[in-house]
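Open the model in your viewer and keep the selection panel at hand.

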Amino acid sequence: MTPGRAQPLSSCAALVGLSIGLLAPAAAEGWNAARFDPPAKVETATDAEGREITCTVYPDLVIRESDTGTPEPGDAALIPIRGGPPVVCRAAPGPSARRLETGGQRFIGRADGFLVFEDVSTNGTMPFVVIDAGAGRRLFTDTTTYDGIDSFAAEGATLRLGFRRGVQAPCSIPQGGAACWARIVREDKLPAPVAALPVPAKACAQAYRAGKAPKDTPSIVSFPVRLVWTGSLAIEADGPVRCLPTP
């Protein structure tokens with residue numbers, strides 16, 4: 001991964017009073033620019049239909065995003081650069097472009113052969129997707145929290161990620177206790193080592209008091225994850241489990 005600072009990424013804003021469906025902070029903490037390859041340039045333009053377009057240009061490809069000035073960006077396009085004429089940002093992507101299934105997401109950055117996109121809107125967790133920079137194929141998706149990315153390294157075809165996975169519960173742990181925890185486990189939202197841990201009742205109670213949240217507010221739980229992609233996905237997860245009320 002080339003060191004440097006990727007221009008399209010800004011630091012994470014503080015999470016204060018965030019409501020369901022509002023714009024997320026610039027990125028979950030840890031997706032900082034120094035972790036990504038620096039683009040040659042970033043351009044913005046307006047297309048013929050009046051939509052804001054953002055083009056992030058690398059030596060071998062361009063990531064073209066549309067509707068970037070809205071809470072619902074359209075699917076991005078990956079445009080290979082093969083010695084032809086330069087890509088005009090406001091123009092249509094062209095026949096060589098590959099459509100990426102990234103509607104509602106923004107481009108965070110590139111690390112070697114990997115592209116990272118993250119949801120623009122949020123309910124307190126931050127879904128992200130990792131895409132093959134060559135084929136435009138989605139490799140995997142996951143969900144972090146705002147304090148989420150502990151480690152990030154890409155070398156060739158290997159990607160290593162350490163982060164706190166965020167899980168949106170369908171119930172409130174302070175209200176439902178063990179029954180709510182069992183429901184989260186039953187719906188296959190927790191890896192087995194995490195599901196075997198005690199109910200994080202104390203952590204939830206403290207978080208709800210600190211946030212002055214009603215007891216029936218659905219909970220968000222998070223836990224450490226270490227993920228390695230080498231053509232297939234290997235994941236380790238454990239505790240401690242943290243808890244927050246859904247904003």
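Two residues are in contact when heavy atoms of theirs lie within 4.5 Å. Take the contacts in this protein between residues at least 6 apart in sequence: 53% of them join residues at least 24 apart. Keep in mind that this is a predicted model.

**Whole chain.** Start with everything shown. Colour by secondary structure to find four helices and 13 strands. Of the 247 residues, 45% count as buried.

**The open sheet.** Select strands S1 to S5. These five strands form an open sheet in the order S1-S2-S3-S4-S5, with antiparallel pairing. Look at the edges, where strand S1 (41–46) and strand S5 (98–99) stand. Each has a single partner strand, so one side of each has no neighbour in the sheet. What holds such strands to one another? Strands of a sheet pair through backbone hydrogen bonds.

**Strand S3.** Zoom in on residues 61–66, which make up strand S3. Six of its six residues are buried. Show the side chains. Leu61, Ile63 and Glu65 point one way, while Val62, Arg64 and Ser66 point the other way.

On one pairing, S3 meets strand S2 (residues 52–57) in the antiparallel sense, over five bridges. Pick Thr54: its bridge partner in S3 is Glu65. Follow the chain from S2 to S3, and you pass through a hairpin of three residues. Then turn to strand S4 (residues 77–80), which pairs with S3 over four bridges, again in the antiparallel sense. Pick Val62 and find its bridge partner Ile79 in S4. Arg64 stands opposite Ala77 in S4.

Centre on Ile184. Leaving aside residues up to four places away in sequence, Ile184 touches Val167, Ala169, Pro170, Cys171, Ile173, Lys189 and Leu190.

**Aromatic pairs.** Now show the rings. The count comes to five aromatic pairs. Select Phe36 and Phe152. Their ring centres are 5.1 Å apart and their planes are at 55°, so this pair is tilted. Phe36 lies in the segment before S1 and Phe152 in strand S9, so the pair ties together parts 116 residues apart in sequence. Both Phe36 and Phe152 are buried.

Move on to Tyr58 and Phe107. Here the ring centres are 6.4 Å apart with the planes at 90°, so the pair is edge-to-face. Tyr58 sits in the loop between S2 and S3 and Phe107 in strand S6, so this pair ties together parts 49 residues apart in sequence. Tyr58 and Phe107 are both buried.

**Last stop.** Which charged residue sits over the ring of Tyr58? Select Arg110: its charged end is 5.2 Å from the centre of that ring.

Note on methods. Residues are numbered from 1 along each chain as its sequence is written. This is a predicted model: local features need pLDDT of at least 70, side-chain atom pairs count only at pLDDT 80 or more; totals for chains, interfaces and linings use all residues. Side-chain values use heavy atoms; hydrogens and water are left out. Two strands pair if DSSP finds at least two bridges between them. Helices (H or I, at least four residues) and strands (E, at least two) are DSSP runs, numbered from the N terminus. Buried means under 20% relative accessible area, exposed over 50%, partly exposed in between (1.4 Å probe, protein chains only). Rings of Phe, Tyr and Trp (its six-membered ring) pair if their centres lie within 6.5 Å; planes under 30 degrees apart count as stacked, over 60 as edge-to-face and the rest as tilted. A charge sits over a ring if NZ of Lys or CZ of Arg is within 6 Å of the ring centre and within 35 degrees of the ring normal.
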